[in-house]
Structures are given as C-alpha cells and as structure tokens.
Amino acid sequence: MKPIILKAAAVIITLFALITLFMSTSVIFDLFGIRAKEGNYVLFVVVSNFIAGFLYLFAAYGLFTEKAWATKLLLITTTILIVSFVGLLIHANTGGIYEQKTIKAMLSRIAITGAFAGISWFFITKKRLA
C-alpha cells in the first residue's frame, strides 16, 4: 500500500508543479495574456510560487524513489510559501494592491504542500526512524 500512495502522491505533486510553473512563468513573462487575467498580482508571491514549482518536481522524484530528503524539501517549500504569505499580509496591510483570491490561493498552496510533507514524513521518514 505504501508504494502506491507514494507513487500517487508523486504523480499528483508533479501535475501540481507543472501547473504552478506554467501559471507563474506566464505571469512573470507575460505569456498568453495570463498576466492581465490575474489582475493585481504581487510579484514576490508569483516568484515564490515559481521557486516552489521547481522544488515540487524534485520532491516528486524523492517521493517516487522513497528518499527521506523529500520530506525536508517539502518542509523547506512550505516555509518559503509561509514567508511569502506573511510578506503578502504585510503588503496588504500597508496598502499594497492585491487580489483577494491570492490570499485564498496561498493558504491552499501552503496546506497542500504541508499535506505532501506529512505524507512524505509518514510513509518515508517515520518508517526510516523506526
């Protein structure tokens, strides 16, 4: 059962990474008119999501091959997203323009990344410690 869960998680996080990379790259480089559709985006949030997208790909490989470092990588990614979210809150509270959907998206992204870190810890790291 463990290998199936880890392989499924690796596939899901790979898809999540590819979508993240496509969307963040499209906003950063103004591809396909997505920047205009996103409205008042906050560049440092987009850049942190871009970085997270690459880290997700490495983490997917770690999950697929059952490497313990995948947990650390996902925790680092979660930390990057939390720091970016705090920056977004500071930006919003000091009068910076942003979209409300960005806050919801960041909370969702943090939760999803944290869930993948939990899966990695439970099925890989915890088992190796035992």
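**Exercise 1.** How many helices and strands does the chain have?

Solution. The model is predicted: local features need pLDDT of at least 70, side-chain atom pairs count only at pLDDT 80 or more, and totals for chains, interfaces and linings use all residues. Residues are numbered from 1 along each chain as its sequence is written, and side-chain values use heavy atoms, without hydrogens or water. The chain has five helices and zero strands. Helices (H or I, at least four residues) and strands (E, at least two) are DSSP runs, numbered from the N terminus. The order is α-α-α-α-α.

**Exercise 2.** Describe the chain as a whole.

Solution. Start with the box: the C-alpha atoms fill roughly 50 × 30 × 20 Å along the principal axes. Next, burial: 38% of the 130 residues are buried (under 20% relative accessible area, 1.4 Å probe, protein chains only). Then take contacts (heavy atoms within 4.5 Å). Of those between residues at least 6 apart in sequence, 70% join residues at least 24 apart.

**Exercise 3.** What length does helix α3 reach from its first C-alpha to its last?

Solution. Helix α3 covers residues 43-64, 22 residues in total. Its span is 32 Å, close to the 32 Å expected at 1.5 Å a residue. The expected span is 1.5 Å times one less than the number of residues.

**Exercise 4.** Which helices do the buried residues of α3 pack against?

Solution. List some buried residues of α3 first: among them are Val45, Ala52, Tyr56 and Leu63. The buried residues of α3 pack against α1 (2-28), α4 (69-93) and α5 (100-129). Just after α3, Glu66 has a positive phi of about 60 degrees.

How values were computed. Buried means under 20% relative accessible area, exposed over 50%, partly exposed in between (1.4 Å probe, protein chains only).
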